[in-house]
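Q: I would like to learn how to read helix packing and annotated sites in a model. Could we walk through an example together?

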Amino acid sequence: MTNNTAKVTVITHPLVQHKLTLMRKKDASTNSFRRLLGELSTLMAYEITRDMPLQDLEIETPMEKMTGKVIDGKKQVLVSILRAGNGFLDGMLNVIPGARIGHIGLYRDPETLQPVEYYFKMPSEMQERDIIVVDPMLATGNSAAAAVDRLKKLNPLSIKFVCLLAAPEGIATMQKAHPDVPIFTAAIDRELNDHGYILPGLGDAGDRIFGTK
Ligand code: URA
């Protein structure tokens with residue numbers, strides 16, 4: 001039997017779960033929320049990059065020559081969905097410092113409720129790169145699906161989607177629109193409320209990262 005839905009990986013490592021719980025607390029300060037997100041994204045990047053291709057590198061140890069294995073970090077592109085996606089970047093760059101960065105900005109049209117692109121800036125030669133799209137909250141999934149739609153037009157080698165929290169509704173949207181894109185998350189929460197917020201969630205991720213509101 002073929003499985004046509006994208007694989008969803010919940011990163012259950014105890015350190016990830018511990019830090020996520022601290023972030024969810026309503027009295028977590030902007031400072032600690034941001035720090036925890038940085039730490040979490042480093043830990044998540046470690047899991048997400050598990051299947052990254054390696055290439056041979058001839059080196060010399062103090063003892064003799066050998067062929068080692070290295071990654072080509074330049075082939076990786078982190079694509080942040082503005083603005084909350086930016087909170088993931090520094091932590092992930094700790095693990096893949098050579099990664100290039102792209103940004104995509106989308107807003108929701110108040111009439112159609114569909115995402116509209118207002119910013120799109122990517123590195124060159126995307127067809128030679130593996131993309132990791134980052135956005136802390138996979139809520140309705142409409143922005144994530146629209147971002148991946150747009151990125152697929154650049155014909156990259158692969159696309160992964162990474163979030164901190166996913167709602168079942170968002171996962172369903174992504175699996176319907178992009179069954180070939182694996183999803184990585186630290187938790188799958190219960191549901192969305194009428195305003196599109198994840199429950200129990202952690203509130204507005206952008207506001208909590210940037211201290212706005
Ligand atoms: N975006 C957020 O920042 N929080 C949610 O709960 C849903 C979408």
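Predicted model: local features only at pLDDT ≥ 70, side-chain atom pairs only at ≥ 80, totals over all residues.

Q: At roughly what angle do the axes of helix α4 and helix α5 cross?
A: The axes of α4 (residues 142–152) and α5 (residues 168–177) cross at roughly 25 degrees and come within 8 Å. Angles under 35 degrees count as roughly parallel, so α4 is roughly parallel to α5.

Q: Which residues in α4 and α5 meet?
A: From α4 come Asn142, Ala144 and Ala145, which meet Gly170, Thr173, Met174 and Ala177 in α5. Sorted by class, this contact has four nonpolar residues, three polar ones and no charged ones.

Q: Where does UniProt place the feature "binding site"?
A: The unreviewed UniProt entry places it at Ile198, Gly203, Asp204 and Ala205. Let's look at two of these residues. Isoleucine 198 lies in strand β14 (residues 198–199), whereas alanine 205 is in helix α6 (residues 205–210).

Q: Is isoleucine 198 buried or exposed?
A: A residue counts as buried if 20 or more other C-beta atoms lie within 10 Å of its own. Isoleucine 198 has 28 such neighbours, so it is buried. Alanine 205 is buried too, because 25 other C-beta atoms lie within 10 Å.

Q: What does alanine 205 touch, leaving out residues up to four places away in sequence?
A: On that basis, alanine 205 touches Ala84, Gly87, Pro136 and Met137. With the corresponding exclusion, isoleucine 198 touches residues including Met137, Ala139 and Leu165.

Technical notes. Residues numbered from 1 in each chain as written. Axes fitted to C-alpha atoms, helices over the stretch in contact; angles between N-to-C directions. Helix = DSSP H or I, 4+ residues; strand = E, 2+ residues; numbered from the N terminus. Parallel < 35°, antiparallel > 145°, perpendicular 65-115°, else oblique. Contact = placed C-beta atoms within 7 Å. Nonpolar A, V, L, I, M, F, W, Y, C, P; charged D, E, K, R; others polar. UniProt positions renumbered as here; feature names shortened; annotations may be inferred. Buried ≥ 20, exposed ≤ 12 C-beta atoms within 10 Å, placed from the backbone.
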